[in-house]
Amino acid sequence: MGKDVIIALDFDSKEKTLAFLDRFTEEKPFVKIGMELYYAEGPAIVREIKARGHKIFLDLKLHDIPNTVRKSMAVLSGLDVDMTNLHAAGTKAMMEAALEGLTRPDGTRPLLIAVTQLTSTSQERMESDLLIEKPLDEVVLHYARCAAEAGLAGVVCSPLEAGKVHERCGADFVTVTPGVRFADGEVGDQVRVTTPAKAKEIGSDYIVVGRPVTQAEDPVAAYRRCVAEFVG
Ligand code: C5P
């Protein structure tokens with residue numbers, strides 16, 4: 001699995017997104033399109049960014065009954081993205097249905113990865129709101145195991161959990177990790193953060209970086225710094 005830096009395109013319009021991407025004249029970063037941009041601009045923005053030559057992680061985090069997820073994934077498979085995701089909490093039956101729906105007639109499909117517990121969920125909230133009383137890292141590893149058993153390619157998790165996920169699910173099981181900050185940068189609302197270099201050391205396959213690049217004075221330089229630290 002090739003290590004790469006994925007830029008989170010957390011913008012609310014096509015204009016802002018394309019103005020940001022226009023700054024990259026020499027490289028074509030792997031980008032993440034999340035709910036904000038997708039709900040603002042619809043599938044057309046995915047096609048437009050794909051046509052510009054970027055790899056795309058479509059981060060829509062599906063979670064519904066298996067039949068609905070299967071049919072929705074079949075629609076998304078037509079967008080020709082490289083990676084997409086769902087919530088492992090939807091159960092193995094939902095993940096298996098998703099995989100079926102996402103697989104194209106020729107047998108190919110984007111990488112399908114599962115969100116374990118969101119990095120914004122604390123142990124306390126998980127116990128009080130979700131009535132899950134196991135340690136958070138055990139829950140993350142269990143969800144990762146379920147995703148692997150359902151045939152998924154990997155999980156979204158904290159970089160701090162990536163090493164354990166590989167131990168439990170194998171070196172080829174992909175870990176995609178947000179919550180990355182430069183050692184001298186602002187943390188913002190992320191709680192459990194690591195630097196790109198540390199994420200590399202722990203074994204993340206892909207880091208997802210938003211504000212440290214999108215809000216930087218020189219986004220291209222910030223992106224290159226991430227690549228230099230993480231990919232080397
Ligand atoms: O700006 P920042 O680097 O914090 O952006 C991180 C990106 O990763 C955001 O798009 C956020 O929605 C996403 N994400 C996350 N934690 C998760 C899953 C996705 O921060 N558990």
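Predicted model: local features only at pLDDT ≥ 70, side-chain atom pairs only at ≥ 80, totals over all residues.

Student: Where does Val209 sit?

Tutor: Strands here are DSSP runs of E, at least two residues long, and helices are runs of H or I of at least four, both numbered from the N terminus. By that rule, Val209 belongs to residues 206–209, which is strand 8.

Student: Is Val209 buried or exposed?

Tutor: Buried means under 20% relative accessible area, exposed over 50%, and partly exposed in between (1.4 Å probe, protein chains only). Val209 has 1% relative accessibility, so it counts as buried.

Student: How do helix 7 and helix 8 lie relative to each other, parallel or oblique?

Tutor: Axes are lines fitted to C-alpha atoms, for helices over the stretch in contact (heavy atoms within 4.5 Å), and angles run from 0 to 180 degrees between N-to-C directions. The axes of helix 7 and helix 8 (residues 159–169) come within 10 Å and cross at roughly 45°. Angles under 35 degrees are roughly parallel, over 145 roughly antiparallel, 65 to 115 roughly perpendicular, and the rest oblique. That makes the pair oblique.

Student: Which residues of helix 8 make the contact with helix 7?

Tutor: From helix 7 come Asp137, Val140, Leu141, His142, Ala144, Arg145 and Ala148. On the helix 8 side, they're Glu161, Lys164, Val165, Arg168 and Cys169.

Terms used: Residues numbered from 1 in each chain as written. Heavy atoms only, no water.
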